[in-house]
Amino acid sequence: MTAHCEIGDVPPFCALGSYRILTIFQTVNFSAMTVANKMCVVSFLTGVMLLLTCAQAGKILVVPVEGSHWINIKILMMELVQRGHELTVLRPSTSLYIEETSEDFKLLTVPMSVQQAMSRKEFEDYALNWIFQQAFTKHGSSFTLAWEFIQALQTSTELATVAIGALFDNEVILEDLKTGGFDMILADPYNVAGVMLAHYLKLPIVFFGRWMPTEDVHFTIAPSPLSYVPVINSRVTDVMVFSERMKNVALYCLYQVASRFLIFPVYDKLVQRYLNTDVSLLDMYKRADIYLMKVDFVFEFPRPTMPNTVYIGGFQCSPPKPLSQDIQNFMDNSEHGVVVFSLGTIVKTMPINIAREIAAGLAQLKERVIWRYSGEQLDTLGNNTMTVDWLPQNDLLSHPKTKVFLAHGGENGVYEAICHGVPIVGFPLFGDQYENILRLKTRGAAVLLENTQDVTAQDIFSAVRLVIDDSSYSRAMKHLSELHHDVPIPPRDLAVFWTEFVMRHGGAEHLHAVGNDLPWYQYYLLDVTAVLLLAFLLVFYMTCTFLRSCCRRKPRRKTKRS
């Protein structure tokens, strides 16, 4: 066998990707080669890998959002870094979660005024008070929740406009971005700065996330029949009776009015001021190249979609890491199993009256409980309960002794529970959390605590006891887990592929639906409907006129005289 190292062999390997080159290394029969041939093959494949690294590596500008959003997008960032891409993260100087320096990626900090700065503790206290107000205050109806949701959007809009102004008024930062040689933008759709920068720098954009500043991205880019696609705070499933459909439509109209007349006009003024264009912000969102949505239809209600929407639900799930020794012993030595209790990144304490009831309910269980709680000492806390300031949620859910996940219904926790097949007792606090638990409830994998503001020890005990004792909940969640894992490409690999796809091809315009560019009356065929209706009325009128004329001309019969 003679080895030939020819440059013409490089393109096929470029198409395969560097990860496949490693597979080729494993399949080559080195034992049948001479030393010279081995060296030639190794040198060739190594050279191809170096060429691929140089050819495929891109420069990506990342425009993230704080909190759990940052934690998630950072997972994708690290995957891209490992594949040789160069990432630059745009962050405000007041950022609380995004680090100031990193060995893995560059950071470009936008200076903000000292008056706008807030310590992490101040932010978490403010957020916690707002969450408690949402979770533990009685609300009259879905419309009350919707209006409070809209008010929260207005507040976040005010904060966002300050940050956008600080960015686009900073000529030094803008010059760095223009000369940065970026290939694309990776952005959280909740951060308006991402889509504005994509338009300003004329770069393709990949959105990572589901929520725009006002709504689920689906409602902006894809048909969303309100007869079976519920909106946030509707608290209905995809199977609705007439009254629920009425409520769903009314809520949708309320959100649209708020978006079009309260939220987007504020952003459109910024677009006109800084981008000098008549293109609206909403149209910019519609023209994004790829939408990476953390959605899996194993969990989400099925709905219409678009070809440039890529579903990566469960993206953040990963194999478990070793637990600390004290937690490992607590889990391993539990005779009847363990209940894992966490209410998300920020909520590590609760109003004392609610916390006492929950602790009392958990104390009645024969199972052990590990609870992320750092609030006031509770006199109702049972000997079976271990409280910690922080817990490794994903690692605990993967432990074989875990029986139930008592959770608020955040997107990350829900997918980790699905990934590891652990049924949920839902304790929703705000936002989409109620709807998230409701989806699992309809699939028989969760129990939903409806009135968190009036929760009692008996409510907690009964709900957890039901999920543990009724094996149908565990079977249902394990079935969802099997469906979630039974995919041709893991969600993380899918996200990386489509991000690199946009870089390789300078966008994904061929996946863009023309319908998103049509005026509303054309999109809904109102012009065609009007013409057809007019034609029908004209034909109907002419037919009636003709028949009336015929009746008038009909000759009278002569009567015989006797």
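In this predicted model, the charged end of Arg303 sits over the ring of Phe219, 4.9 Å from its centre. A charge counts as sitting over a ring if NZ of Lys or CZ of Arg is within 6 Å of the ring centre and within 35 degrees of the ring normal. Arg235 likewise lies over the face of Tyr434, at 3.8 Å from the ring centre.

The whole structure holds 18 aromatic pairs. Rings of Phe, Tyr and Trp (its six-membered ring) pair if their centres lie within 6.5 Å; planes under 30 degrees apart are stacked, over 60 edge-to-face, and the rest tilted. Here are two of the pairs:

| Pair | Centre to centre | Angle between planes | Kind |
|---|---|---|---|
| Phe207 and Tyr285 | 5.3 Å | 20° | stacked |
| Phe497 and Trp498 | 5.2 Å | 85° | edge-to-face |

Phe207 belongs to strand β5 (residues 205–208) and Tyr285 to helix α11 (residues 281–286), so their pair ties together parts that are 78 residues apart in sequence. Helices (H or I, at least four residues) and strands (E, at least two) are DSSP runs, numbered from the N terminus.

Phe207 and Tyr285 are both buried. Buried means under 20% relative accessible area, exposed over 50%, and partly exposed in between (1.4 Å probe, protein chains only). Trp498 is buried at 18%, whereas Phe497 is partly exposed at 37%.

Ring pairs also link Phe168, Tyr200 and Tyr274 into a cluster.

Residues are numbered from 1 along each chain as its sequence is written, and side-chain values use heavy atoms, leaving out hydrogens and water. Because the model is predicted, local features need pLDDT of at least 70 and side-chain atom pairs count only at pLDDT 80 or more, while totals for chains, interfaces and linings use all residues.
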